[in-house]
Amino acid sequence: MATDGDIRVLVAIDLVLSAIFSTLVVWGLSFVGSLTFSWVTVGLATLLLALVTYLAVLR
């Protein structure tokens with residue numbers, strides 16, 4: 001029998017991967033001049049992406 005795993009580990013992995021992806025996206029957008037890079041923007045993008053991922057995949 002397979003277990004689903006600990007939800008805390010899944011949420012932690014989701015946050016880490018969302019933070020990495022959000023940092024790259026915000027940096028890329030600032031590189032082309034569409035957005036100014038700031039850690040607040042990265043944080044908001046991370047939370048939004050993690051929430052969407054949680055709702056789409058884990059629930």
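A residue counts as exposed when its relative accessible area is over 50%, as buried when under 20%, and as partly exposed in between. These legends use those terms for a predicted model.

View 1. Phe-31 has a relative accessible area of 63%, so it counts as exposed. Trp-27 reaches 49%, so Trp-27 counts as partly exposed. Both residues lie in helix α1. They are 4 residues apart, about one turn of the helix.

**View 2. The structure holds 2 aromatic pairs, found in a search of the whole model.** One of them joins Trp-27 and Phe-31: their ring centres are 5.3 Å apart. Their planes meet at 25 degrees, so this pair is stacked; the cut-off for stacking is under 30 degrees.

**View 3. Phe-37 and Trp-39 form an edge-to-face pair.** The ring centres of Phe-37 and Trp-39 lie 5.1 Å apart. The planes stand at 80 degrees, so the pair is edge-to-face; that class needs over 60 degrees. Phe-37 is partly exposed, at 29% relative accessible area. Trp-39 is exposed, at 63%.

**View 4. Helix α1 runs over residues 7-31.** The helix has 25 residues. At 1.5 Å a residue, α1 should span 36 Å.

**View 5. Helix α1 has buried residues, and a glycine follows the helix.** Asp-14, Ser-18, Ser-22 and Val-26 of α1 are buried. Gly-33 follows α1. The phi of Gly-33 is positive, near 90 degrees.

Key: Residues numbered from 1 in each chain as written. Predicted model: local features only at pLDDT ≥ 70, side-chain atom pairs only at ≥ 80, totals over all residues. Heavy atoms only, no water. Helix = DSSP H or I, 4+ residues; strand = E, 2+ residues; numbered from the N terminus. Expected span 1.5 Å × (residues − 1). Buried < 20%, exposed > 50% of the residue type's maximum accessible area, 1.4 Å probe, protein only. Phe/Tyr/Trp six-rings, centres within 6.5 Å; stacked < 30°, edge-to-face > 60°.
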